[in-house]
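Here are a few notes to go with the model you asked about.

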Amino acid sequence: MDVSALAALTLLLGALVILVALAVGRRKEELREETEQAAEFTAESSAAKNQASKKPKQEKQRTRKEKAVQHTFSHPLLAASLKSHSGKVTCLDFSSNGKYLASCADDRTVRIWSTKDFREREHKCLRANVELDHATLVRFSPDSRAFITWLANGDAIRIFKMIKKEDGSMTFKAAPEDFPQKHKTSILNIGIAETGKFIMSASTDTSIHIWDLKGDVLASINTNQITNSYAAVSPCGRFVASCGFTPDVKVWEVCFTKSGEFKEVARAFDLKGHSAGVHAFAFSNDSHRMVTVSKDGTWKLWNTDVEYKKQQDPYLLKTVPCASSEGSRTALSPDGRVIAISDGCNVALYSAASGKLEEELHGIHSEEITDLRFDVSGRYLACSGDKAIRVFHNAPGYRAAIRDMQDMLKKAQNEGMKERLQQQIKDAQSALEAVLAAPVE
């Protein structure tokens, strides 16, 4: 091989070596970059996983830290806060003998409270368990020895008997069978007539059922109000009334024969005068007065002590502006002197005689008020809205009674009558002073 050929071969081999070296170097650089990228990706993934794993813990910790603080409320007229329920309280009822307050909640219990404990520091209660369900409504029987409930899931009425044991304690026994399902929409209210002759249930459509105590339907009412917003049995046990989308309240008499057999449900009278749908209504204890609260932003007081069988209509006594909203409730003190109206979490108390706003109770509950009731003596007003029940002294009731007696004293001509009225006024003033001087709960 000549010198020139050898030189050419050497140059070619050198070039190949250089090319191989360059290729190997470039591959090493690519491998290094890939390794770095892989490491970077792994680090990012690990960080993301760590962040994801930390997040629930942080959220859990935050949830624990941000746990809802129990709603607190204080007011000079607050007599008691009843707090044994662990769920939202949806309904209240005072017994006709004045001894008990019943409450039900979505914690699957009905609680029975003693009214004589309202002014004590501790408020003990008896518990009735609602098996495999919870009650949304509760009502005492006329003899205060039983109560009925409406079952949330069972959509039926269940009766409980209150049984006194030998040791003096109380136990509760549910009836063997619930009432049959008859309503097609959710229930607004239930009630038992004070006569003990019938039970009422009303739903959000336009239906009301009248039952006997064994669970048979005696009659069904179509209210023709497009939707019902409230219904109730009158304290006298004669009437059933309803209100709803239309601007009136309809009242029926549930009629029985002299021998006690069911006869019919007859239309008694209507309360007409609101310009919008009616949220709710309430009766006085003798059913001679009714109060209605409407979407039109007013409450109205009516005289219902009329001879409706002779076509005499109830007449309007008073119209007063007020705050109201969907779900507003009203209560009329047994003597008809004080009107309570709920609006959201607040309650306003008015004088029935003058229409004057007497008391405003703001932020009573952390949620919208679900029920509002005076006890049978008229001394207390109770309301529910969250897990607690607030019980207030009816100071406006004391003031109204004092004013009425002072008016009677001016007109009294008999010395004996004057002395009695003076003593009654003195007693009522002492009772009011004691209420106002009581320590706030």
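1. S27 and strand S28 (residues 389-393) run antiparallel and are joined by five bridges. Within that pairing, Ser 384 sits opposite Ile 389 of S28. Bear in mind that this is a predicted model.

2. On to the S26 side. Strand S27 (residues 380-384) is also antiparallel to S26, with four bridges between them. Ser 384 turns up again here, as the bridge partner of Asp 371.

3. Put together, you get an open sheet of four strands, ordered S1-S28-S27-S26, with antiparallel pairing. Its edge strands are S1 (78-82) and S26, each of which pairs on one side only. Neighbouring strands in the sheet are turned against each other by 15° on average, ignoring direction.

4. Side chains in a regular strand alternate between the two sheet faces.

5. Now the largest pocket, with about 780 Å³ of space. Its lining has 36 residues, and those nearest the centre are Asp 93, Phe 94, Val 233, Pro 235 and Arg 373. Elements that give two or more residues to this lining include S2 (89-94), S14 (228-233) and S26 (371-374). By type, the lining splits into 19 nonpolar, 10 polar and seven charged residues.

Definitions and conventions: Residues numbered from 1 in each chain as written. Predicted model: local features only at pLDDT ≥ 70, side-chain atom pairs only at ≥ 80, totals over all residues. Heavy atoms only, no water. 1 Å grid on protein atoms, 1.4 Å probe; cavity = no way out; pocket = protein on both sides within 12 Å on 5 of 7 lines; lining within 4 Å. Points joined across faces, edges and corners; volume = space filled by probe spheres on them. Nonpolar A, V, L, I, M, F, W, Y, C, P; charged D, E, K, R; others polar. Pairing = 2+ DSSP bridges. Axes fitted to C-alpha atoms, helices over the stretch in contact; angles between N-to-C directions.
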